[in-house]
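Open the model in your viewer and keep the selection panel at hand.

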Amino acid sequence: MSDESGRISRRAAISATAGAVGAALLARAGLVAQDTPASPATAPADPTKLPGMPTSALGGRSPFVHPERAPTGVLSGPSFTPLQELTGTITPSDLHFERHHGGAAIIDPQQWKLVIHGMVERPLTFDLEDLQRFPSVTRVHFIECAGNGRNAYRAPAPGMTPQQVDGLTSNTEWTGVPLSLLFREAGLKAKATWFLAEGGDAAVLSRSIPIAKGLDDALLVWGQNGEPLRVQNGYPVRLLLPGWEGNACVKWLRRLELIDQPNMSRDETSKYTDPLPGGKARQFSFEVDAKSIITSPAAPLKLDKAGWWPVRGLAWSGRGRITRVEVSTDGGKRWADAELQGAAMPKAHVRFQHMWNWAGRDALLLSRATDETGYVQPTRATFQAARGIGTDFHFNYIRGWRVDGNGAVTFEGRA
């Protein structure tokens with residue numbers, strides 16, 4: 001504390017000195033970030049004999065904890081969330097998966113504008129302050145990249161981790177305004193049946209969305225887990241279509257055009273049309289199917305002894321709530337209901353757990369999700385028969401993890 005003349009009190013000076021000394025000692029022990037590469041983190045032999053770290057502008061993870069997205073440095077492509085290193089259902093904002101088509105756009109919020117035009121009575125332009133004056137809502141929903149699971153389907157490898165298999169899904173608390181309010185403000189014309197959402201990134205990505213979704217549960221969001229959106233997730237504003245593929249949830253949103261048919265833009269013809277057997281294709285297959293993945297035990301974990309082990313994972317569906325998750329430890333011969341941890345929310349991740357008494361023998365672990373519509377996650381064989389090996393999106397077949405008699409866990413991509 002300082003007095004009115006600005007002089008620092010003796011107590012404040014002592015406190016500041018102690019904090020600085022503590023920080024220096026902790027830095028020497030490898031407990032805080034340093035300008036030069038540090039040796040592996042170590043802790044004081046007795047933390048009760050050493051001052052802790054002082055307050056800081058931003059909190060950091062323990063130096064012993066290193067969750068990371070991967071790969072990095074990609075301008076057009078994905079970076080995967082480390083599902084196996086997370087707990088609960090909310091994905092930390094800085095670990096939310098990325099998928100960019102021209103890099104993450106840097107947009108000045110003071111310059112940002114959203115235009116709503118086309119088949120409306122009153123074309124409108126909003127700035128960020130305008131948008132945030134509307135009544136807001138906060139909801140928890142997942143976003144999943146349409147291509148999540150492609151590598152594991154096309155070229156499964158034993159060493160794949162949950163991050164590499166299915167790390168293009170993340171679950172977030174979002175805050176924003178219902179799109180239906182803005183559509184009513186603009187005055188939709190009766191013939192408007194679709195709208196085109198366009199982003200302000202270098203790719204100028206755009207998708208055509210049925211108007212019914214816009215009037216249902218679509219949101220324009222600016223908040224993510226209690227703070228503004230991260231740049232990589234669309235700051236300052238993105239479109240959120242709960243339960244629909246991530247590519248349709250356009251980031252860095254700048255324009256909504258009301259139209260009477262799909263725009264058939266580049267991003268919904270060259271990429272997000274799904275080839276099927278027999279020369280056919282699926283188009284505008286927005287909804288995410290029910291899905292689950294065991295995140296532990298999973299590669300590269302090794303079970304070190306026989307006995308009770310928790311089989312844990314995540315399940316989600318774009319159709320609504322997950323109502324049931326079953327776990328098999330014998331490759332699908334027998335199934336047991338897993339415990340759903342916490343209330344399952346619509347179009348959101350739910351965590352499941354099943355206690356397994358491992359006898360020290362070979363095992364094949366599977367999980368199978370059912371949603372509130374009665375849809376059941378299919379086997380790989382059923383999925384492949386319907387969609388073919390060349391399918392490109394919405395990979396929701398049952399995944400497997402093989403445990404050998406020595407406890408080594410590997411991905412079983414053809415279970």
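In which sense do β3 and strand β12 pair, and over how many bridges? Select residues 253–259, which are β12: the pairing with β3 is parallel, over four bridges. Within β12, Glu257 is the bridge partner of His117.

This is a predicted model, in which local features need pLDDT of at least 70 and side-chain atom pairs count only at pLDDT 80 or more, while totals for chains, interfaces and linings use all residues. Residues are numbered from 1 along each chain as its sequence is written, and side-chain values use heavy atoms, with hydrogens and water left out. Helices (H or I, at least four residues) and strands (E, at least two) are DSSP runs numbered from the N terminus; two strands pair if DSSP finds at least two bridges between them.

Next, select residues 114–118 and 124–126, which are β3 and β4: they pair in the antiparallel sense over three bridges. A hairpin of five residues joins β3 to β4. Ile116 stands opposite Leu124 in β4.

Now turn to the aromatic rings. Rings of Phe, Tyr and Trp (its six-membered ring) pair if their centres lie within 6.5 Å; planes under 30 degrees apart count as stacked, over 60 as edge-to-face and the rest as tilted. By this rule there are 13 aromatic pairs. Select Trp194 and Phe284: their ring centres are 5.1 Å apart and their planes at 55°, so the pair is tilted. Trp194 lies in strand β7 (residues 194–199) and Phe284 in the loop between β14 and β15, 90 residues apart. Both Trp194 and Phe284 are buried (under 20% relative accessible area, with a 1.4 Å probe and protein chains only; exposed is over 50% and partly exposed in between).

Go on to Phe383 and Tyr397, whose ring centres are 5.6 Å apart with planes at 50°, so this pair is tilted. Phe383 is in helix α8 (residues 380–387), and Tyr397 is in the loop between α8 and β22. Both Phe383 and Tyr397 are buried.

Then show Arg380 and Arg399. The charged end of Arg380 sits over the ring of Tyr397, 5.6 Å from its centre (CZ of Arg, or NZ of Lys, within 6 Å of the ring centre and within 35 degrees of the ring normal). The charged end of Arg399 also sits over the Tyr397 ring, 4.3 Å from its centre.

Finally, select β15 and strand β16 (residues 307–316), which run antiparallel and are joined by five bridges. Ser296 stands opposite Arg312 in β16.
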